[in-house]
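Hello,

Here is the structure I promised to pass on to you. Have a look at it first, and then read my notes below.

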Amino acid sequence: MKPSIAVIDYGLGNVRSVSKALALAGGDARVSSEIKQIENADGIVLPGVGAFGKGMDNLEKAGLIPIIRSRIEAGKPFLGICLGLQMLFSVSEEHGSSRGMDIIKGEVKLFKNDLKIPHMGWNRVKFKNRQEGGGGIFEGISDGSYFYFVHSYYAAPEEGSLVSSTTDYGGEFTSSIVKENIWAMQFHPEKSGEDGLRIMKNFIRTCGEKK
Amino acid sequence: MRRKKMRDFQKRGNGGLAKRIIPCLDVKNGRVVKGVNFVDLVDAGDPVEIAAAYAGAGADELVYLDITASVEKRQAMLEIVAKTAEQVFIPLTVGGGIRKLPDISDLLKAGADKVSMNTSAVENPSLIRDASREFGAQCIITAIDAKKTAPGKWEVYTYGGRKATGLDVINWAKQCVELGSGEILLTSMDKDGTQSGFDIELTAAVSEAVTVPVIASGGAGELSHLKDALDEGKADAVLAASIFHFGKFSIAETKKYLRENGIPVRI
């Protein structure tokens with residue numbers, strides 16, 4: 001049976017593309033905001049793009065934060081995309097200061113350079129501490145491959161060892177993190193062509209293994 | 001020569017961000033106008049098939065421009081967007097006929113990543129502000145049709161270039177960003193359809209005036225035109241239709257040319 005993947009819908013971002021990419025990659029993907037469905041899934045995807053504060057508000061109003069927390073604690077594979085990465089962090093400096101889920105210690109910061117904001121388009125992802133010999137979420141993807149980004153803020157984890165890739169936009173920033181069963185990336189695998197679909201496949205394989 | 005150009009880009013500190021090549025499909029009643037002259041297409045008028053072909057060929061994003069006249073037939077666009085989202089995994093922008101927030105919400109739910117507004121933005125600027133607050137600036141593009149009126153001066157036109165608005169392009173572009181547009185799609189009406197090159201002066205003037213990415217459009221005929229728009233014109237992306245649709249240049253040879261000329265592209 002295909003691993004079941006719950007794509008959490010909280011009213012922000014292109015959830016349809018995320019779920020279609022996961023389906024094409026071999027997952028039984030369902031867009032959902034129902035606690036029961038999220039609880040029973042083999043893996044969870046938190047997508048999203050846009051404002052941090054609104055994202056947190058929507059998650060809170062839908063009562064989804066406790067279930068995200070408990071599934072992560074239970075060791076279920078979790079994939080965070082863009083805002084779904086940022087909201088894992090303690091705090092964002094968007095609109096002064098907004099509280100995140102505080103699952104990863106660190107801060108979400110605005111780009112401070114003289115470049116165009118948002119950082120929009122395809123940029124290179126340079127991997128760090130990549131698992132040798134396979135099993136990782138980036139397996140089969142060449143170092144320096146292009147992925148699609150669209151964001152004005154970036155996440156800076158306190159623990160440098162969580163950084164699994166960096167990208168250069170007027171300086172290197174953290175473009176993905178890995179922590180145990182948490183994989184989270186600032187770029188959009190669902191919008192990054194073949195390499196993006198490979199990430200989805202790797203994620204689904206992990207969900208199948210941890211079933 | 002090439003090395004010097006590469007250094008210039010580094011000086012500008014664009015990081016590793018690639019310049020984007022964006023084919024645009026004019027869609028009427030659910031069909032691509034005039035079709036597309038690719039090899040191996042089963043249906044040269046099917047937007048979904050063409051979109052998939054472009055994504056496979058290395059296009060960085062796609063734009064569907066809905067030129068359907070009647071509001072009733074616009075439903076066709078939603079179905080096309082939904083089908084596209086099932087098989088095409090690069091960013092998709094939809095423009096044309098978007099008048100109110102539910103139009104935007106419908107398109108985004110169907111699987112569009114961004115929407116582009118022109119006439120409705122000019123007539124109702126609060127639409128840009130409200131849409132940006134609701135869906136995020138990153139998915140709200142303002143399209144500006146610009147016509148030159150004097151040296152260094154351009155006027156904003158609406159209704160597909162039929163109506164002069166009296167608005168100054170540079171001021172309007174700045175205002176769009178203040179209202180919450182995350183990107184500007186800038187078309188030179190003087191150059192559009194001429195294949196004689198982009199309006200570089202216009203493109204550079206707008207790109208320097210705003211803090212968000214600018215997509216240059218109108219006038220692409222040769223690969224050097226694309227390079228000039230991205231280099232001298234300081235555009236972040238170029239949009240073109242006929243040079244790609246009728247097979248004059250492939251996306252691959254376009255990108256190869258640009259890379260050889262010092263423009264960072266995704267290959």
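Let's begin with chain A, which has six helices and 13 strands (both are DSSP runs numbered from the N terminus, with helices being H or I of at least four residues and strands E of at least two). Its radius of gyration is 16 Å, close to the 17 Å that the globule rule gives for 211 residues, so chain A is as compact as a globular protein of that length. That radius is taken over C-alpha atoms, and the rule is 2.2 Å times the number of residues to the power 0.38.

Before you go further: this is a predicted model, in which local features need pLDDT of at least 70 and side-chain atom pairs count only at pLDDT 80 or more, while totals for chains, interfaces and linings use all residues. Residues are numbered from 1 along each chain as its sequence is written, and chains are lettered from A and ligands numbered from 1 in the order in which they are written.

The C-alpha atoms of chain A fill a box of roughly 50 × 40 × 30 Å along the principal axes. Of its 211 residues, 55% count as buried. Buried means that 20 or more other C-beta atoms lie within 10 Å of the residue's own, exposed means 12 or fewer, and partly exposed is in between, with C-beta atoms placed from the backbone.

Now for chain B, with 11 helices and 11 strands. Its radius of gyration is 18 Å, close to the 18 Å that the globule rule gives for 267 residues, so chain B is also as compact as a globular protein of its length. Its C-alpha atoms fill a box of roughly 55 × 45 × 30 Å, taken along the principal axes, and buried residues make up 52% of the chain.

How do the chains meet? In total, 31 residues of chain A are in contact with 29 residues of chain B (contact means that the C-beta atoms, placed from the backbone, lie within 7 Å). The largest share of chain A's side, six residues, comes from β8(A). By class, that side has 13 nonpolar, 11 polar and seven charged residues. Here Ala, Val, Leu, Ile, Met, Phe, Trp, Tyr, Cys and Pro count as nonpolar, Asp, Glu, Lys and Arg as charged, and the others, Gly among them, as polar.

The axes of α7(B) and α8(B) come within 9 Å and cross at roughly 35°; axes are lines fitted to C-alpha atoms, for helices over the stretch in contact, and angles run from 0 to 180 degrees between N-to-C directions. At this contact, V169(B), I170(B), A173(B) and K174(B) in α7(B) meet A205(B), V206(B) and A209(B) in α8(B). These residues divide into six nonpolar, no polar and one charged.

Finally, is G152(B) buried or exposed? With 10 C-beta neighbours inside 10 Å, G152(B) counts as exposed. You will find G152(B) in the loop between β6 (140-150) and β7 (153-158) of chain B.

Enjoy exploring!

Conventions. Contact = placed C-beta atoms within 7 Å.
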